[in-house]
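Subject: Structure handover

Hello,

Here is the structure for your files. My notes follow below it.

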Amino acid sequence: MAEKRKYLNYINGEWKEPGTGDFYENFNPADDQESLGLYPLSDVEDVKAAIGSAEKAFSEWKNLSPAARSDYMSRFLEVMAEDRDRIGEVVCREAGKILKEALAEPERGIEEVGYFIGEGQRLEGITMPSSRPGVSSVAVRVPLGVVAAITPWNFPFLTPLRKVIPALVTGNTVVLKPASATPLSGVIIAELFEKAGLPTGVFNLVLGSGKVVGDAIASDPRVKGISFTGSTAVGRGINTQAAANFTKIQLEMGGKNPAIVADCLNLENAAAQITSSAFALSGQRCTSISRVIVMEKDADRLEALIADKMKDYKLGNGLEPDVSLGPIISRSAGEKIMNYISDAVDAGAEIKAGGRQLEGGIFDKGFYIEPTLLSNVSPDMAAAREEIFGPVLVTIPVNSFDEAMKIANDTEYGLSASLFTDSLPLINKFQNEMETGMTHTNHGTVTDGTMPFGGVKNSGLGPFSKGKTNRDFFTNIRVNYVKYV
Ligand code: NAP
């Protein structure tokens, strides 16, 4: 049997074995017979070395001109674009995405990296006339120092890019800790930086478990900023650790995103948009629509339209061209999703479509759940309040728009919300009263690469990522006064 490929940490410009000498094996969630290689189970000493390396590289890197730093990022962009097909295939195998969605990560990466390379050269500050004669006052943007990126498995290539590129181009040095389920995407990012000739120590990669590696990063006072994307529970822990060192944070966390359907003439369009936003990546997106709050009079028709569209999905290994939905990332995540479905049914919900874990053939090599529509769900059920992070959509019938808004806002989360309507006053009310970082009217939850992205309440803390706001996280302001006379 061929020896399995061993991947390493990237610290101080070298590929390094973990201090523990221990590795774990990773598998394709679509096919648990397909090994994706062996990855380091790093320890606290590896993390310390990576942070030390980033700290050492900081003073030289921050003193490069923005144009010089942007040149390195442009070289990264070039080598990334050349490698996009391999990147897409790796994302497909690691995260269990269908190939089309996996290829969209490097494609979207090209757009977003290009945008931020430009943004890194527009780090304008603030000037104001001084109230004192002969004094100038100028506020400039300065990098934080060592910045850590801790990232989830569901966008394993794109999410790290959204952190690492803005951090570097604004003059910070970086330690990246990718999710244990998708380490190879992180390895590829390190390889691309190596190929782009990034100076030693500016970018470092440490692989291993969140509890050990993530925890050691979050509690190290040499780390001046932590950009985290992942679950609210882990984000809460990082927030507490970071607070002890006054480390700046950018947290992007879970969601329970509603779609309200009210005074909507085109239910067919609403159903199409809701279905694709609910079930893409088997509902394992932070912005997946997971609740439909619909006027009672339209509920039956809308449910029928959604159930009809759900018939088009074909589950399987995302590498197969006709497959449109992949597996759940892990067995434990799949079991949790199935429990949500059975608990909701026990509490009186009705399964309108799907609801089963598939078995036999390829379905025994991963955890595959049919796209599921639950109706007759009351707002107090766990399936209507908690992030399921799976292919489960619930419908909640209501009698007024005010009632819909009340239910939409009545969760701990505040990431994204959609409204399907033909009424301008309702759009106005929705945009004014929705307690989320993003709203979408008459479409699903697709966002633009150049616009800020983030949430409020337990979905996000700190400046929004992507777009212009990202630099508010990756730079601090320094105000310089000079007295000339
Ligand atoms: P997760 O379990 O919270 O893990 C996220 C990252 O944190 C992983 O790298 C993980 O490492 C690490 N981690 C785990 N425990 C840690 C600890 N004690 N200290 C420091 N780091 C730790 O999330 P996930 O399952 O990968 O991703 C799904 C979640 O991410 C969902 O809740 C989803 O809504 C959210 N998400 C949010 C956004 C957004 O923009 N708002 C985008 C995408 C996903 P290991 O993998 O080694 O455990």
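Asparagine 9 counts as buried because its relative accessibility is 0%; buried means under 20% relative accessible area, exposed over 50%, and partly exposed in between (1.4 Å probe, protein chains only). The model is predicted: local features need pLDDT of at least 70, side-chain atom pairs count only at pLDDT 80 or more, and totals for chains, interfaces and linings use all residues. Residues are numbered from 1 along each chain as its sequence is written, and side-chain values use heavy atoms, with hydrogens and water left out.

Back to asparagine 9. It is found in strand β1 (residues 9-11). Helices (H or I, at least four residues) and strands (E, at least two) are DSSP runs, numbered from the N terminus. Leaving aside neighbours within four places in sequence, asparagine 9 is in contact with several residues, including Trp15, Pro40, Asp46 and Leu207. Contact means heavy atoms within 4.5 Å. Glycine 208 sits 199 residues from asparagine 9 along the chain, yet their C-alpha atoms are separated by 9.3 Å.

Next, asparagine 28. This residue lies in strand β3 (residues 23-28). A polar atom of its side chain lies 2.7 Å from the backbone nitrogen of alanine 30. Not counting residues up to four places away in sequence, asparagine 28 touches Glu34, Leu36, Arg93 and Asn317.

Then a helix residue. Isoleucine 238 lies in helix α8 (residues 232-244). Its relative accessible area is 6%, so it is buried. With residues up to four places away in sequence not counted, isoleucine 238 touches Ile150, Ala218, Ile226, Phe228 and Leu251. Aspartate 402 is 164 residues from isoleucine 238 in sequence and 36 Å from it in space, C-alpha to C-alpha.

Phenylalanine 246 has a positive phi of about 55°, although it is not a glycine. It lies in the loop between α8 and β11 (248-252). Phenylalanine 246 is exposed because its relative accessible area is 78%. Aspartate 263 also is not a glycine, and its phi is positive, near 45°. It lies in the loop between β12 (257-261) and α9 (267-279). Aspartate 263 counts as partly exposed because its relative accessibility is 48%.

Now the whole chain. The protein has 15 helices and 22 strands. Of its 485 residues, 56% count as buried. A compact globule with 485 residues would have a radius of gyration near 23 Å, and the protein has 23 Å, so the two agree. That radius is taken over C-alpha atoms, and the globule rule is 2.2 Å times the number of residues to the power 0.38. The C-alpha atoms fill a box of roughly 75 × 70 × 40 Å along the principal axes. Among contacts between residues at least 6 apart in sequence, 72% join residues at least 24 apart.

Best wishes

Conventions: A polar contact is a pair of N or O atoms within 3.5 Å; within protein, one must be able to donate a hydrogen and the other to accept it, and residues adjacent in sequence count only if both atoms are side-chain atoms.
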